[in-house]
Amino acid sequence: MKTLRTADRITSADRDRTVRRLRDLTIGTALAGMLGVGGFGAVAAATHSAAASSSSGGLAAIAPTAPSTTSGSRSTAPTATVTPTATTKHAQVSTGGS
């Protein structure tokens with residue numbers, strides 16, 4: 001009948017080498033993640049359509065009005081008028097609920 005062999009004890013040098021390897025893997029993974037996010041951001045910025053960013057994107061344009069005038073003791077502050085713009089894009093809002 002064969003007897004079970006027990007595992008060899010790990011020396012402190014082996015343990016230190018393993019901890020150092022785990023630390024290096026953790027740092028490498030963090031750096032790779034940061035480079036990945038930066039790369040995706042660069043690709044997104046490079047491929048973003050300039051025509052879409054130059055339009056108002058469906059937001060209303062704000063046009064300034066004439067400067068304020070003073071009549072007697074009452075002064076009127078300048079106001080802005082909102083001019084709605086037509087949009088051909090359909091927006092969709094989701095809350096994540098089911």
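Is R17 buried, partly exposed or exposed? R17 is partly exposed, at a relative accessible area of 42%. The notes below go through the rest of this predicted model.

1. Overall fold. The protein chain holds two helices and four strands. Along the sequence the order is α-α-β-β-β-β.

2. Surface. The protein chain has 98 residues, and 0% of them count as buried.

3. Salt bridges, the count. Searching the whole structure turns up two salt bridges. Each is taken in turn below.

4. D14 with R17. These side chains form a salt bridge, with an N to O distance of 2.3 Å. Both residues sit in helix α1, which spans residues 12–47. They are three residues apart, about one turn of the helix.

5. Exposure of that pair. D14 has a relative accessible area of 28%. D14 is therefore partly exposed, because the class runs between the 20% and 50% cut-offs. R17, at 42%, is partly exposed too.

6. R23 with D24. Here the side chains also meet in a salt bridge, at 4.0 Å from N to O. The cut-off matters for this pair: a salt bridge needs the nitrogen within 4 Å of the carboxyl oxygen.

7. Exposure of the second pair. R23 has a relative accessibility of 52%. D24, at 43%, counts as partly exposed.

Technical notes: Residues are numbered from 1 along each chain as its sequence is written. This is a predicted model: local features need pLDDT of at least 70, side-chain atom pairs count only at pLDDT 80 or more; totals for chains, interfaces and linings use all residues. Side-chain values use heavy atoms; hydrogens and water are left out. Buried means under 20% relative accessible area, exposed over 50%, partly exposed in between (1.4 Å probe, protein chains only).
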